[in-house]
Each structure stands twice: as C-alpha cells, then as structure tokens.
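Please read it alongside the coordinates.

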Amino acid sequence: LEDDWPGEPNDPYWSQQLDLAEEELRQGAWPSCEQRASAVELKGSARAQYVVAKCLDLMAEAKRDNRLLSKAITAYVELLKMNERLSDRKLVDIAQRAIDRIQFRGTYLNAEPVYRLLIRRFPDNVHYRNNLTVSFLMANRADLADTVLKETLKLWPNDRIALAHYGFVLKNQYNKLEESVIYLQKALEGDAGAANEPRFFYHLGDALLQLGRLKEAQEIHEKGAKLGHFLSPEQRSLYNVARLKSRPWWPIEATPYVKLVRDLENSWKEILKEGLAAKELFEKEKEGLKERGEWSQLDVFVRGKEIPGRCERAPVTCSIVRQEASARCRRGQIKFSLMEAGTHVRPHVGPTNCRLRMHLALSNTKDTYIRVGKVTRQWELGKVFIFDDSFEHEVWHNGTGSRLVLIVDVWHPDLSATERKTLPAI
Ligand code: LMR
Ligand code: MN
C-alpha cells in the first residue's frame with residue numbers, strides 16, 4: 001500500500017500520532033494502536049481508518065474473537081464506502097481482505113457492498129459480478145443471485161461461470177429443468193473451460209435424469225467421470241475420500257459390522273414398535289427426491305449426534321447402535337424411513353462416499369424394490385442389507401401399507417481413526 005491515502009492529517013501532532021499507531025500495529029500492541037488510530041480517524045484520515053480496521057482484524061485473529069472480527073469487518077467496509085478516492089490498488093487490496101474475513105466469518109451478505117464498489121470501479125471485470133453471485137448463493141439468497149446473473153448475462157452472454165450458476169439457480173430455486181439444462185449445457189460445452197467443476201456436471205446430470213433424458217444424463221456422467229469429477233459414472237457423490245473401496249452393494253461379511261447387523265436383526269420387532277410408537281414425530285422428506293407418493297423420516301442421530309429426546313422414544317434402537325462406534329458417523333444419520341404405497345424415489349446419489357448405509361426392514365416390504373447401481377433388490381422383514389448410497393439408487397413401493405425401515409449409516413470401513421475424527425461433518 002505504497003500510494004497516497006486520502007485525508008492525510010495536516011497537523012503534525014495528528015500525523016505523528018498516526019505514525020505511532022502504525023508502529024504499534026507492527027509490534028502487535030493492538031489495543032493502544034486501535035485507541036490512538038481511532039482518535040486520528042475522527043480527523044477524516046483514511047489511513048487512520050485503515051489502521052483501526054487492521055488492528056481489530058489482527059487482534060480478532062490472535063484472540064479468535066468473532067465479536068472483534070465483526071467490528072473489523074464493519075471498519076473495513078466503512079473505510080471502503082467512505083473513500084471513493086482510494087487508489088485502485090488500495091481498493092482492491094482492502095476489499096480482498098474484507099471479503100476474505102467476511103467469508104471466514106460466514107456472513108456472506110456483508111460482502112455485497114464491497115463487491116458493488118469493485119463492480120462500479122471495474123465495470124469490465126466479470127469476476128467481481130460472479131463472485132457476488134456466489135456470495136448470494138452461499139447466503140441462500142438465490143433470488144438475489146438471480147438478479148445479478150440476469151444483468152451479468154446481458155453484458156456477457158457467453159460467460160461460462162455465469163451461465164453455469166444461472167442454470168443452477170433455475171434448477172434448484174425455480175425447478176425450471178428444461179431451461180436449466182440449456183444454460184448448463186452451454187456452460188459445459190466442448191472442453192467446459194472455466195465452468196469445469198464437479199457440481200455443475202452433477203446438476204446437469206441430475207436435471208437430465210429428472211427430465212427422463214437418461215441417455216444424455218449417462219453421457220454427462222461418463223464425461224464427468226472421465227474428467228475426474230465423479231468416482232465413476234454411477235458413483236457421483238461430491239465429498240469423497242479417493243482411495244476407499246467402491247462397490248454398490250456390500251455383503252455383510254465383507255464389513256466389520258457383522259455384530260451390529262445381528263444385534264439389529266435380533267431386536268427387529270422391538271425396533272419396529274419404537275418406530276411405530278413415534279409416528280407423530282415423522283417429518284416429510286424435504287429434498288424433493290420423490291417423484292410421486294408419500295415419504296417421511298424420523299431422525300434419531302444426525303451427523304453423529306442424537307437429536308435430543310429421541311433415544312427416550314427409541315431406547316432399544318439406541319442401546320444397539322451405541323455399541324458400535326462407527327455408527328456415530330458424522331457424515332450420516334440414523335433414522336426411520338416410512339414410505340407409503342405408490343411412492344417412487346427417483347434416481348439420486350448421496351453426498352459422500354465416506355459412509356455405508358444399512359437398512360433394517362421392519363414392515364410392508366412386499367412389492368417394494370431398491371436399485372443401487374445396476375442391481376435391484378428387495379427388503380426382507382427383520383433382515384439387514386448394506387449399500388453405498390454414493391452410487392445412484394432408486395426406490396419403488398408398488399405394494400400396500402406403509403413400508404418402515406431403520407437406516408443406520410456407518411463409517412466406510414477403509415477410513416482411518418484420524419479421518420473419522422477430522423473429516424468435516426455432512
Ligand atoms: C435412500 O437413501 O434413498 C433410501 O434409503 C430411501 C429409503 O427409505 O428407502
Ligand atoms: Mn438416498
């Protein structure tokens with residue numbers, strides 16, 4: 001930051017105070033630095049404003065203090081907003097630090113004013129617009145992302161990143177599948193260029209599957225796998241550990257979970273009773289995976305943690321799963337899954353290859369089917385089967401009555417103890 005600051009103090013006293021504050025900043029004397037620079041800031045000095053923000057920033061980092069971090073972010077954003085005369089170089093450097101801190105703090109909407117300034121100063125740079133879009137999406141504000149994307153595509157109709165995000169928004173926010181496919185296809189045409197990312201291939205394939213355009217979906221899945229975005233055309237989870245053994249169906253004896261399986265099977269009638277007795281707590285499936293029918297679930301453990309009070313309702317179930325540490329899987333759940341007759345769950349994949357999924361069949365399994373990869377199987381009352389839900393799978397209930405299963409996700413057996421502790425939860 002070599003170039004000049006606007007509003008440098010004329011008065012030698014304040015000028016010296018500011019130099020002192022900068023020295024304190026270098027030496028890590030943050031509280032006095034902040035105090036001294038704040039006094040100079042009142043004189044309208046942008047450099048003083050910067051020193052205050054930087055002190056707060058470094059102090060927040062050292063103390064791991066989110067309240068201070070929020071103060072630092074506010075100070076950076078105010079500095080940027082109040083100083084239209086900052087040089088390009090200073091604007092970019094300060095804006096980048098502010099955005100970095102905002103992302104770290106997770107308050108994505110706060111990045112908007114910063115990106116707006118960058119867009120106004122550098123109207124020819126599409127990256128700032130695309131990054132603003134991403135911030136809105138991270139903040140779950142697809143509606144705001146949509147507006148920015150429309151403006152961006154008006155100016156840059158062939159920008160692949162904007163095309164891909166717009167396709168994503170059309171699909172996930174508005175369920176406009178045909179349109180979404182057009183944008184995602186255009187984004188990924190040929191060598192896919194800047195939009196060559198796993199999630200865009202994933203969403204294009206998923207939209208095509210939902211539209212029943214199976215051959216095109218297959219082509220995208222093959223292309224995605226060839227580019228290394230998917231473990232294989234059928235195994236399309238996005239949060240993966242690379243070396244894990246991949247197979248859609250796991251014979252029980254091929255896993256270290258034989259005891260857990262036998263314990264579940266031996267108590268299946270009590271587990272069934274616990275599931276049925278908690279019926280009022282079931283919640284409708286929210287991910288939009290069913291193409292028709294009724295499907296609800298009752299979470300017992302999510303990301304390895306009990307939902308408070310659930311084990312009181314299902315004591316037998318919990319006492320069994322608690323004996324197997326691998327069933328406290330932070331990348332999975334333990335839940336009852338209740339499916340009404342006439343339901344079809346469309347082909348889909350789970351988010352990660354780090355878990356295996358057990359099903360204990362509890363009721364009305366006649367004429368119900370599950371396909372995982374290329375192999376379709378049926379449930380057998382009181383019995384467990386194990387599959388890897390990162391492979392494409394699909395479920396039909398063509399029978400009568402409500403089908404109940406207990407789902408128990410366990411860590412993939414190839415994961416090390418360290419990985420089980422440190423992999424981020426999903
Ligand atoms: C799935 O993962 O989609 C299945 O476990 C759903 C179910 O309840 O059969
Ligand atoms: Mn599934």
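A278, L298, V300, R310, R313, A314 and F336 line the largest cavity of this model, which is predicted. That cavity holds about 30 Å³ of space.

**Largest cavity**

- A search of the whole structure for cavities of 30 Å³ or more finds one.

**Second largest pocket**

- The volume of the second largest pocket is about 230 Å³.
- Its lining is made up of L137, M138, N140, R141, A142, F168, V169, N172 and Q173.
- At least two lining residues come from each of α7 (126-138) and α9 (160-172).
- Helix α9 contributes the most to this lining, with three residues.
- Five residues of the pocket lining are nonpolar, three are polar and one is charged.

**Five-stranded sheet**

- Five strands form an open sheet with antiparallel pairing, in the order β3-β7-β12-β9-β10.
- The edges are taken by β3 (290-292) and β10 (375-377); each has a single partner strand, so one side of each lacks a neighbour in the sheet.
- On average, and with direction ignored, neighbouring strands of this sheet are turned by 20° against each other.
- K290 has V345 of β7 as its bridge partner.

**Manganese site**

- H348 and H393 coordinate the manganese ion (ligand 2), each through NE2, at 2.2 Å.
- H348 belongs to strand β7 and H393 to strand β12 (residues 393-397), so the pair ties together parts that lie 45 residues apart in sequence.
- Where do β7 and β12 stand in the order of the five-stranded sheet? They are listed next to each other, in the stretch β7-β12.
- H348 has a relative accessibility of 10%, and therefore counts as buried, the cut-off being under 20%.
- H393, at 5% relative accessibility, also counts as buried.

**Strand β8 and its partners**

- Is strand β8 (residues 355-363) mostly covered or mostly open? It is mostly covered, as nine of its nine residues are buried.
- Eight bridges join β8 to β13 (residues 403-411) in an antiparallel arrangement.
- Within this pairing, L356 is bridged to V410 of β13.
- Strand β8 is also joined to β11 (residues 384-387), by four bridges, and these strands run antiparallel too.
- Here the bridge partner of R357 is F387, in β11.

**A buried lysine**

- K90 is part of helix α5 (residues 88-105).
- With a relative accessibility of 0%, K90 counts as buried.
- K90 and D4 are separated by 86 residues in sequence, while their C-alpha atoms are 9.2 Å apart in space.

Terms used. Residues are numbered from 1 along each chain as its sequence is written. Chains are lettered from A and ligands numbered from 1 in the order in which they are written. This is a predicted model: local features need pLDDT of at least 70, side-chain atom pairs count only at pLDDT 80 or more; totals for chains, interfaces and linings use all residues. Side-chain values use heavy atoms; hydrogens and water are left out. Two strands pair if DSSP finds at least two bridges between them. Axes are lines fitted to C-alpha atoms, for helices over the stretch in contact, and angles run from 0 to 180 degrees between N-to-C directions. On a 1 Å grid over the protein atoms alone, a cavity is a set of points where a 1.4 Å probe fits but cannot get out, and a pocket is an open set with protein on both sides within 12 Å along at least five of seven lines; lining residues have an atom within 4 Å of a point. Grid points are joined across faces, edges and corners, and a volume is the space filled by probe spheres set on the points. Donors are N, O and S atoms within 2.8 Å of the metal (3.2 Å for Na, K and Ca); water is not among the atoms, so sites may look incomplete. Buried means under 20% relative accessible area, exposed over 50%, partly exposed in between (1.4 Å probe, protein chains only). Ala, Val, Leu, Ile, Met, Phe, Trp, Tyr, Cys and Pro count as nonpolar, Asp, Glu, Lys and Arg as charged, and the others, Gly among them, as polar.
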